[in-house]
Amino acid sequence: MSRPRVKLPKKAAAGEIITIKTLVNHKMESGQRKDKEGNTIPRLIINSFQCNFNGTPVFSCEIEPAVSANPFMEFTAKVPESGEFEFIWKDDNGDVLSTKKKITVA
Amino acid sequence: MLSRREFLQVGAAAGALLGSGGFSAPAFARQSVAQEDLLAFNPVGNVTLLHLTDLHAQLVPVYFREPAINLGVGEVAGLPPHITGEQFLSRFGLGPGGYDAYTMASVDFVSLAKTYGRVGGLDRIATLAKAIRAERPTQTLLLDGGDTWQGSYTALASKGADMVTAMNALGVDAMTAHWEFTYGTDRVEELIETMDFPFLAANVRDTDWEEPVFEAYQMFERNGVQIAVIGQAFPYTPIANPRYKIPTWSFGIRDKELQETVDEARTEGADLVVLLSHNGFDVDRKLARRVSGIDVILTGHTHDAIPEAIAVGETLLIASGSHGKFLSRLDLDVQGGKIRDYAYRLIPVLSDVIAPDPEMAAVIDGIRAPHQATLSRVLGRTDSLLYRRGNFNGTFDDLICDALLAERDSQIALSPGFRWGATLLPGQEITVDDVYNMTAITYPNAYRVEMTGETIKTVLEDVADNLFNPDPYYQQGGDMVRVGGLGYRIDVQEQIGSRISDMTLLGDGTPIDADKTYIVSGWASVNEGTEGPPIYDVVSQYIQKQGVVSLEPNDNVRIAGL
Amino acid sequence: MTKVTKREFLIVATGAAAAALVGTPNVALSAERVQARIDEFLGGQTAQEGGLTLEMPEIAENGNTVPLSVSVDGEASENRYVESLLVLADGNPEPGVATFHFTPMSGEQRAATRMRLAKTQNVVALAKMNDGAVMKAETLVKVTIGGCGG
């Protein structure tokens, strides 16, 4: 799990709804594939994603193996005030990756 | 005194009497039809749209035979463009033997071709466009529906650059695209830089962020009317053509986004919204019911030539044929954001009747002269009419399949059901130019592989569903894959998996065995790394060996469910 | 000479190595599992048609990564928002795709991602509102060999 990327505007009006897009690198091993010896390759996927704004949940999801490698998520958020978005990805190994983005309400 | 139509009929009969003595009947065409006849139009309103589409890089006049079979299934059965031949002529009230009948239907094609001569030629189109612009200087918009950069030797040699030069010279106002993308991401971006007009495609997104790659629309002001032209590229480009050429671009029909674009254009002040589309006619007919606020759809991709505008709700659909055979003129009276009146003509570009525009003729000459020795090299002669269009087979495809079977030493040949490719008349010489007009693509390798009977059936079923799925949004707009060395029965009304039966290996008359392996050759594989000699070389070599080619009628595909 | 099996041909042809990535489904089993997930989500409720939109391409370009977008009419508020939105596919070995949770802060209640499709199949979306109301939408996505259009 690496390279979390987030796209959102730097500024917004109070109460404006903005679009947020995120990408993260992960091969999303489905647990359905077999290796050359015929052994099942164990599942290793990002199983959850969460977005909070100033500590309050905005959007989250549970992810299953059918989601493509390098998971993409797009959603919206209503921005009441200046603050910080936090984005958190977790995978089957218990690894956690997070990143933050500030937004200014003029 | 003869009416014009009667005169043309007499003319056609006389033309037929000229027999197979050659192709120098233009004198007759010139006597019976004048350039003014082709330009005759009672102007209407404040806007004129000129539409040219699916030129397939045909700079010089060609013959082009319309399909004799173009089936529609489900709710489009029996509707234009799914009527052909005599039925087509009677539906649109066209008498037999006239130039409209010659250009729009397949009836009496060979004799009418000898009467009326070749069609198209960008220098002839330039003459028509200039004349109409002179008549409607402040009202006219000239739009190119795409499939412009591909389909000829010079387009392939210049990677599309020749067509950008030519379309810049024609003074096109905007274009959209399909085969253009087969030159690959980098080349498309390079060529766009050299264009004098916008390249519009509302339905292309990047595969990382799902964001627009191209401009969706452009506003034009004509005679005080704000016109939004929205481009819609072929939605299934990465499926019908190699995705590896454009790996970071994603397409699709994208109704919802299109509705948003239409609404945005209206908000911006558009009085008239035009969709310059490469969806294909049936897809556009469905789209017109699902997306509101589009006044005109200039359709493309499926190469249909329909002499009337087809109204779907408040939307007018125009189908302007292909290969430079027609220029569409649509006059509109736009008042208060609505079309109040219109007049339409699908103008046949009879090359022997229209004086070539000298400037465009010079541009074309500049493009072709350096390659003239190659282009005009004669490979052989044909005794048969060679054409491609039609749902199931065409004689030129039979020739390609024969070439694949022989030159690639295979039991079965597969040739794609493209809709482009010019026609050759019986008795005509076959030149390198002609072969490229049928095969000029950027992924030309003629492969030779083993496939099981089951795989071959899966291929046929899959392609049949792309053509005969009752929901147009699941169609891709090509014709059925052509086969050599193989016979089969198809029921067009069945579901995927059940349309194809009675598959027979023609070599020995045995039924195709699902588990048995067959040697199959083909071309235009969308898979990266496909190996084999280029198809144009394979076909050229085969024609040279034959000297004279002669094709028997092909009854190896039996069609049910009509 | 290259020998191409049906499986390889389809995979190569579609570019859809998805079949390899997610495995080949057992049809009867996956239909049962989809129904089980739907029943669990509904909890005895009846799903309404309308109000929920599921958008996917009619034909997949690449079975490995097919865009998917869901939306529920109306802006999220304290009084009305989508608690859970479940996406299922009936032709993959495992039916689940993702479950989205919105909040009153979500603004428009829409989400988009990209998913794997092993073959032509139906994708189903179910949305449960904070008041327990349930909506359903479904679409067919075709996974095809392609290569002959034009």
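Where does P57(C) lie? Select P57(C): the residue sits in the loop between β3 (52-55) and β4 of chain C. Strands here are DSSP runs (E, at least two residues), as helices are (H or I, at least four), and both are numbered from the N terminus.

**Before you go on**

This is a predicted model, where local features need pLDDT of at least 70, side-chain atom pairs count only at pLDDT 80 or more, and totals for chains, interfaces and linings use all residues. Residues are numbered from 1 along each chain as its sequence is written, chains are lettered from A and ligands numbered from 1 in the order in which they are written, and side-chain values use heavy atoms, with hydrogens and water left out.

**Stop 1: around P57(C)**

Stay on P57(C). Its relative accessible area is 18%, so P57(C) is buried. Buried means under 20% relative accessible area, exposed means over 50%, and partly exposed is in between (1.4 Å probe, protein chains only). Now show the contacts, meaning heavy atoms within 4.5 Å. Not counting residues up to four places away in sequence, P57(C) touches V66(C), P67(C), L140(C) and V141(C). Pick V141(C) as well. P57(C) and V141(C) are 84 residues apart in sequence, yet 6.6 Å apart in space, C-alpha to C-alpha.

**Stop 2: strands of chain C**

Select β9 (residues 134-141) of chain C. Two strands pair if DSSP finds at least two bridges between them. Strand β2 (residues 48-49) of chain C runs parallel to β9(C), joined by 2 bridges. Look for Q48(C), which stands opposite M135(C). L126(C) has K136(C) as its bridge partner. β8(C) and β9(C) form a hairpin with 4 residues between them. In the turn, find G132(C), with a positive phi of about 95°.

**Stop 3: where chain C meets chain A**

Show chains A and C together. How many residues does the contact take from chain C and from chain A? It takes 31 residues from chain C and 31 residues from chain A. The two chains bury about 2,600 Å² between them, 48% of it on carbon and sulfur atoms. Buried area is the accessible area (1.4 Å probe) that two parts lose on being put together, summed over both. Highlight M105(C), R114(C) and R116(C). These supply 26% of the area that chain C buries against chain A, more than any other three residues.

Turn to the charged pairs. The rule finds 3 salt bridges across this interface. A salt bridge is a side-chain nitrogen of Lys or Arg within 4 Å of a carboxyl oxygen of Asp or Glu. R37(C) forms a salt bridge with E64(A), the closest N and O atoms being 2.6 Å apart.

Colour the side of chain C that touches chain A by class. You get 13 nonpolar, 11 polar and 7 charged residues. Ala, Val, Leu, Ile, Met, Phe, Trp, Tyr, Cys and Pro count as nonpolar, Asp, Glu, Lys and Arg as charged, and the others, Gly among them, as polar.

Strand β5 (residues 56-63) of chain A and β6(C) run antiparallel, joined by 5 bridges. Find F59(A), which stands opposite F102(C).

**Stop 4: a salt bridge in chain A**

Select D92(A) and R43(A). Their side chains meet in a salt bridge (2.9 Å, N to O). The pair links distant parts of the chain, 49 residues apart. D92(A) is in the loop between β7 (83-91) and β8 (96-105) of chain A, while R43(A) is in the loop between β3 (16-25) and β4 (46-53) of chain A. D92(A) is partly exposed at 29% relative accessible area. R43(A) is also partly exposed, at 39%.

**Stop 5: into chain B**

Select H51(B), in strand β1 (residues 47-52) of chain B. Is H51(B) buried or exposed? The relative accessibility is 0%, so H51(B) counts as buried.

Finish at R329(B) and D331(B). They form a salt bridge, the closest N and O atoms being 3.0 Å apart. Both residues are buried. Salt bridges that share partners join E135(B), R136(B), R329(B) and D331(B) into one network.
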